[in-house]
Amino acid sequence: MMFKRGIAIASAVAVLGTVFTAIPMSAAAVDGDFTIATSGGAAPVYIDSTGADYDGLSIIADTFADDVELVSGQTPDVKTASDASGISGAVIAGVVGDELIASTGIDTCDIEDKNETYKIEVIGGNLVIAG
């Protein structure tokens, strides 16, 4: 089950990477947008080190950081946390039910107990990816 959740998150990050490469760096911001990287740096990526699929998520987060660097020239830091309090301007990725994801306030009711599903929302200044 955890493997399938990891695949869902990997799929979400792949979709995010595809969207990221298709958007010009000078695109005008719209309410609800999230900037992954600018010429001044990249948003850090947070994952829960105590989460259900930490090993898989850490590989995915590192790969995502590499992709952001290839596209923007800026490398996001990959960090761990178990609570989103005080985190802003970051990509937060994890498995439904992990403490970090739960602390973001993302509503995961519509994807709980489903395989290969994910949800992406901007919440509290963070891009939250839950799967």
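Start by selecting residues 91–94, strand β5, together with residues 126–130, strand β7: the two pair in the parallel sense over four bridges. Two strands count as paired if DSSP finds at least two bridges between them. Helices (H or I, at least four residues) and strands (E, at least two) are DSSP runs, numbered from the N terminus. Now pick out A93 and look across to β7, where its bridge partner is I129.

Before going on, a word about what you have open. This is a predicted model, in which local features need pLDDT of at least 70 and side-chain atom pairs count only at pLDDT 80 or more, while totals for chains, interfaces and linings use all residues. Residues are numbered from 1 along each chain as its sequence is written, and side-chain values use heavy atoms, leaving out hydrogens and water.

**The whole chain**

Zoom out and colour by secondary structure. The protein chain has three helices and seven strands, and along the sequence they follow the pattern α-β-β-β-α-β-β-α-β-β. Next, colour by pLDDT, the predictor's confidence in each residue, from 0 to 100. The chain has a mean of 82, and 76% of its residues reach 70 or more. Select residues 18–28 to find a stretch where pLDDT is below 50.

**The sheet**

In which order do the five strands of the open sheet lie? Step across them and you will read β4-β3-β5-β7-β6, with mixed pairing. The edge strands are β4 (78–80) and β6, each pairing on one side only. From one strand to the next, the twist averages 25°. Strands of a sheet pair through backbone hydrogen bonds, either parallel or antiparallel.

**Two cores**

Show side chains for F34, I36, V45, I47, F64, V68 and V91: they have the most contacts inside the largest nonpolar core, which has 15 residues. Such a core is a set of buried Ala, Val, Leu, Ile, Met, Phe, Trp, Tyr and Cys residues joined through side-chain atoms within 4.5 Å. Buried means under 20% relative accessible area, exposed over 50%, and partly exposed in between (1.4 Å probe, protein chains only). Helix α2 gives the largest share of this core, four residues. Centre on V91 and, leaving aside neighbours within four places in sequence, you will find it in contact with F34, P44, V45, Y46, F64, L127 and I129.

A second, separate core of 13 residues includes A81, I92, V96 and V128. Click on A81, in the loop between β4 and β5. Is A81 buried or exposed? A81 is buried, with a relative accessible area of 16%. Not counting residues up to four places away in sequence, A81 touches Y46, I47, D48, S49, I87 and L100.

**Last stop: a loop**

Finally, select D113 in the loop between α3 (99–104) and β6 (119–123). D113 is exposed, with a relative accessible area of 68%, and its phi is near 60°, a positive value in a residue other than glycine. E116 lies in the loop between α3 and β6 too, and the phi of E116 is near 50°.

Technical notes
Axes are lines fitted to C-alpha atoms, for helices over the stretch in contact, and angles run from 0 to 180 degrees between N-to-C directions. Contact means heavy atoms within 4.5 Å.
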